[in-house]
Amino acid sequence: MEQPKGVDWTVIILTCQYKDSVQVFQRELEVRQKREQIPAGTLLLAVEDPETRVGSGGATLNALLVAAEHLSAQAGFTVVTSDVLQSAWILILHMGRDFPFDDCGRAFICLPVENPQAPVEAVVCNLDCLLDIMTHRLGPGSPPGVWVCSTDMLLSVPPNPGISWDGFRGARVIALPGSSAYARNHGIYLSDSQGFVLDIYYQGTEAEIQRCARPDGRVPLVSGIVFFSVETAERLLATHVSPPLDACTYMGLDSGARPVQLSLFFDIVLSMARNVSKEDFLVGRPPEMGQGDVGIAAYLQGARAELWRELRDQPLTMAYVPDGSYSYMTSLASELLHSLTVPSTPRAQTVHSQVEELELLEPGSSVVSCVLEGPVWLGPGSVLQHCHLRGPIHISTGCFLSGLDIAQSEALHGMELRDLILQGHHMRLHGSLGRVFTLTGRLDNWEVGALHLPHLCPPNVPSPPVRDWDLWDPDTPPTERCLLSARLFPVFHPLRAVGPCDLLWMLDPKQDEGEALRAWRAAWRLSWEQLQPCLDRGATLASRRDLFFHQALHKARHVLEARQDLSLHPLIRAAVREGCPGPLLTTLDQVAAGAGDPGVAARALACVADVLGCMAGGCGGLRSGPAANPEWTRSFSYLERGDLAGGVEALAQERDKWLSRPALLVRAARHYEGAEQILIRQAVMSAQQFVSTELVELPAHGQWVVTECPARVDFSGGWSDTPPLAYELGGAVLGLAVRVDGRRPIGARARRIPEPELRLALGPQPDDMTVKIVCQSLDDLQDYCQPHAPGALLKAAFICAGTIDVCSKIPLSEQLLRAFGGGFELHTWSELPHGSGLGTSSILAGTALAALQRAAGRAVGTESLIHAVLHLEQVLTTGGGWQDQVGGLMPGIKMGRSRAQLPLKVEVEEITVPEGFVQKLNDHLLLVYTGKTRLARNLLQDVLRSWYARLPAVVQNAHSLVRQTEECAEAFRQGNLPLLGQYLTSYWAQKKLMAPGCEPLAVRRMMDVLAPHVHGQSLAGAGGGGFLYLLTKEPRQKETLEAVLAKTEGLGNYSIHLVEVDTQGLSLQLL
C-alpha cells in the first residue's frame, strides 16, 4: 500500500453526521497521522454536518468553508478569504450514512488485508485504503485544489493510474469501470472523446447505459471522487453567503436559514455537465431526496439556480481508470460477506489475529483482529471481526460476527450458526455505558419487512411467535414497517444484563417452551433506527483498539518464543504512539525471564530497548553509547551469574526510574542493549568446549615463542559470522589469507621471565614497542574488559589462556610462581593501520594466544585457536564474529561455516582452485588504503539492533549473504575472475544494506574513479574506511591505478599496496 511519495496535504477533513462523534473521529485522524499515514504538517479536522440531511453536496460546501476558515485564521486573516486556497491541497472525506454492519460507518469497516510495509502496525480499515489511494495514487501530480471522496465504497486503483493534469482547469471526476448490469442501480458518466462530461445518469435506461458504454462493454461508474481546481473551489466557496445555499453551512444555520439538501454529484457536479440544459437542471432533483419532499422543490430550485450561476462555465472532465474497480457497500449482508471473503483461497484469511486451532478455519473464511481460544469452527463465506471467543463454537457458512467477547462465548456453545449476522455494540443511554446485541439474517433487507431468521416470522403460519405489535406501534403505517424500524433488540432486562441469548432464541423459539420469547417481550427493546443515536462510537473504537493490542501481545510472545524472522518494530511503534507501551514491556519481560534459550531472551531484551528508544521519540541522543552506569550493575550481575529471571526483574525495576524524559529513556535503552550483550557473550562462550590444548615441554626462561600471520580479505558472507547471526541464522564466509607488500603483517612473541609479573608491549613493528605495561598485581589487570584500555587485548589473552585467574584471592605473583616459576613477557605488533578492515584485532588475538600458550608449555591447534579467539573477544567485550581469525590463521582460500545452533562451532573447508589461478589472482588483486579509519563496533551495534528487530530488508540480506557465499566458492573453483568481480561488487552492496553509513563520500568517489578498471571492488571488513580491495581487469595495475587516483581531487592520504594469497597461515617458532 505504501508508496515512496505522495500528496503533502494541507488539510484533511472527515465529515460526520453526529456531533458526539466529532472528537472520536478527530482522534482517529490524529492516530493515523502518528502512524505516518498522513503528513506530519497536515491540519486535521473532523467536522459535523450542520444538519443530518444536508446531503453530500451540503456537507462538501460546509467542509470547504471550515477548511477555508481555519486556513484564513492560520494566515492571520480576521475574515474568511479564498486566497488561502491558492497553494492548498485539501482532501474532504465524507462518512456518509449509517451502516448496519459497523457502528462507526463504512469508513471503519475492517478489511482482511495487511500492509507489511507499514511503519506502524494496525488493522486496515476502508478509510486507510482510501487515504492511501488518494495520497499515493490519484492525488500525485494534481495542482492545488480540493479533492472530495466518499467513504461508502470499496476501491482499487493501480499504482500509476495515468491521469494527466496538463492544461487542466475546472473540475474532474474519477470514473471506474463497471458492468451494464451494475449500472442499472448506480450512477454513470456520459463523456465525449476529449473526456468532457456531457451528462450523469442515475439508474439509467438501457439506452442511456449503452450510450455511456466503452468499447469493451464496460461503463464509467460514478466513483464518489471529484477534484475541484482552485478557481472552481473558490466559486463553490462563494456560494456559502448566497441564500439558499448558505443553509448548507453551519454559518447559515447559525443565522437561522432553513436547511437545504444537496447532492455532490447530482446537484453541484451536474451543473457543469455540457449536455445539461438550465431548464432541466432547475427542475431536477437528486436521487437521495426521494419523491416525498415535494414541499421544498422550489427551495431546491433556488439553490440549483445559484449553483448554475457560479459553476456553469467551469469545465468538467472525466479521468477513467480502466484497471481500477469499484463496489458500493450496500446494506445487504450477503454483498458485504462476498466483499470480505475470497472463496478461491486455499486457506482462511487471518489478519491481526491469534487463533489456537487454525485448522478449524475453512478456506474462504475471514478473521480480522480476533482472539480465538480453543475449538472455533468457521465455515466458508463467514467473517469474524473484533471478537474474543472461547470454544467450542460452531459457525457455519454465511455468518458475520463482530464485537463479541469471552462473556458472550458461552451463549454460542452448543449452537450451529448459519446465515446470520450477530453483532455486539457499545451504547450510552442516559449517560450510562452498556452493551446491546443485534441479530439479523444474511438475506435480510433492512428497508423491507422480510426477516430471514428461520423461525421468527415463518410465512403461512397462523400464530407466528413474533407479531407485528411486538415490533411496531399500531399506528405505524405499513409502508414504514421494515427491519430498520422493528423493535427487535433488547437493551434492558429487569432481572439481568442483556446478552446474545436474548436474541439467539429466535433460531428455535420453541426450545424452552417459550420462556426466552416471554423474556424478550418483557425487555425494553429498540429498533436499529433508535439505536443509532445511542451508539457510543468512542467506546467501540477503544474496545477494538484494546482487542488489537491484546492479540498483538500474543503475537509478540509467539514471534519471540518460536524464533520467527518477523519484525516487531511496527507493533512497537503502534504500542508507543497509541499510548500503551506498558503491557508490551511487561510481555517482553515475561518472555525474557521465562526463556530457556539465551537467544530468545537476548532478542526480547533488544525489543525492550527498541520500545524505550521509540518512547524517546527521536530525542535524547544516539541509541549507541555507554552502558556501564553503576545503577544498572545489580541487574547485570544477576545475568552474569546466570540468574536470568532475577536479572530481568531487576532490569525492569531499574527501568521504571528512567522513563521520565527522552535522555533517560535513551540511556536505559543502551543498558538493555548492554544486558543483551551479556546474553550473547554467554551464548558465544559455548564455543569454549571446542578449545583444547596439549601439554608440551616448557620453554626455557628467556626463549621467545614467535607467531606470525597474514591478514585476511573477505570475499563474501561477512556479517553472517557475527553473533547472534552466526548461531541464529548460520554463517558462511569466504576469505583469503593475504600478504601485504610481500609481508605477513601481524605477529606476537612471548617468553618466560624470572620475575613474577606480566610485561606487555604493543607496537607497529616487532622491534618497535611503543607501549609498555607492567602488571604486578591483579588490580593491574581489572581493565581487561575495556577494549580501549592500554593492553586490554593482551590482558584478556592471559585470562582466556588460563595463565592467571583474575578472580582469585591468590596474588598475581604467587599464581605465576606456583604454576610457572616466574612471569611472562608478551609483545604484539601489526604493520597495518588501526581500523584497516583486514581482521587485524582478531588475528592479533590469535597470534597472542598461540604464542602465550606455547610459552606456558601448551600447544593449541588452529581449530581450537579459532574458537579461543571467539571466547577472548567476548571477554574483551568487543564482540565480533569468527571470519577474521579463520581468514588469517588458516592458509589460502577457504570457507568458514557455523550452523544455526548452540554451541557455536566453526568448521573450515579449503577451496580448491585450478592450477595457476592463485598466481593469476595475485596479479589482479590490489589493496588501496583509503586513509579513512573506522571502528567496527560502531557499525556492529547498528547491525545487531537491526537483526534483533528482524527488519525485513536485513533478514533478507543476511540470507542472501550466506547463499551468495556458496556461489562465490563455486566461482573460485572455476577460476572465473570476472564472475568473482561481480560477486565482489554485489557483496559490497550487501554490506551497505547491512550497515548503512559504511561508505564515506571520499571512498565512493574513489570507487567511481576506479570502476572502469576493475571487475569488482569492496571495502574490507565492515566498511566505513580502511582498505579497499580490487580485482583489476588487467594484471599488475598498481602503477596505472596510482596515476588514475593522482588525477582525482579530494581523496586524501591514500596508498596502493600489492597483495598475494598466503599459503602458510599461522606460523610458530621458538627462538
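Predicted model: local features only at pLDDT ≥ 70, side-chain atom pairs only at ≥ 80, totals over all residues.
## Parallel sheet

Three strands form an open sheet in the order β13-β15-β18, and their pairing is parallel. The edge positions are taken by β13 (354-355) and β18 (388-390); each has a single partner strand, so one side of each is left without a neighbour in the sheet.

The pairing of β15 (residues 371-373) with β18 is parallel and comprises three bridges. Within this pairing, E373 has R390 of β18 as its bridge partner. In general terms, strands of a sheet are joined by backbone hydrogen bonds, in either a parallel or an antiparallel sense.

## Helix α11

Helix α11 spans residues 333-340, and its buried residues are A333, L336, L337 and L340. Viewed down the axis of α11, these buried residues fall within an arc of 100°, so they line one face of the helix. An α-helix has 3.6 residues a turn, so residues three or four places apart point the same way.

The buried residues of α11 pack against β12 (349-351), β14 (366-368), β17 (383-385), β20 (400-402), β22 (420-429) and β23 (432-441).

## Annotated domains

An unreviewed UniProt entry lists residues 815-887 as "domain: GHMP kinase N-terminal". In the model, residues 815-887 are 58% helix and 15% strand, with the end C-alpha atoms 35 Å apart.

For residues 969-1045, the unreviewed UniProt entry gives "domain: GHMP kinase C-terminal". The span 969-1045 is 55% helix and 16% strand, and its end C-alpha atoms lie 31 Å apart.

Definitions and conventions:
Residues numbered from 1 in each chain as written. Heavy atoms only, no water. Pairing = 2+ DSSP bridges. Helix = DSSP H or I, 4+ residues; strand = E, 2+ residues; numbered from the N terminus. UniProt positions renumbered as here; feature names shortened; annotations may be inferred. Buried < 20%, exposed > 50% of the residue type's maximum accessible area, 1.4 Å probe, protein only. Arc of directions from axis to C-beta. Contact = heavy atoms within 4.5 Å.
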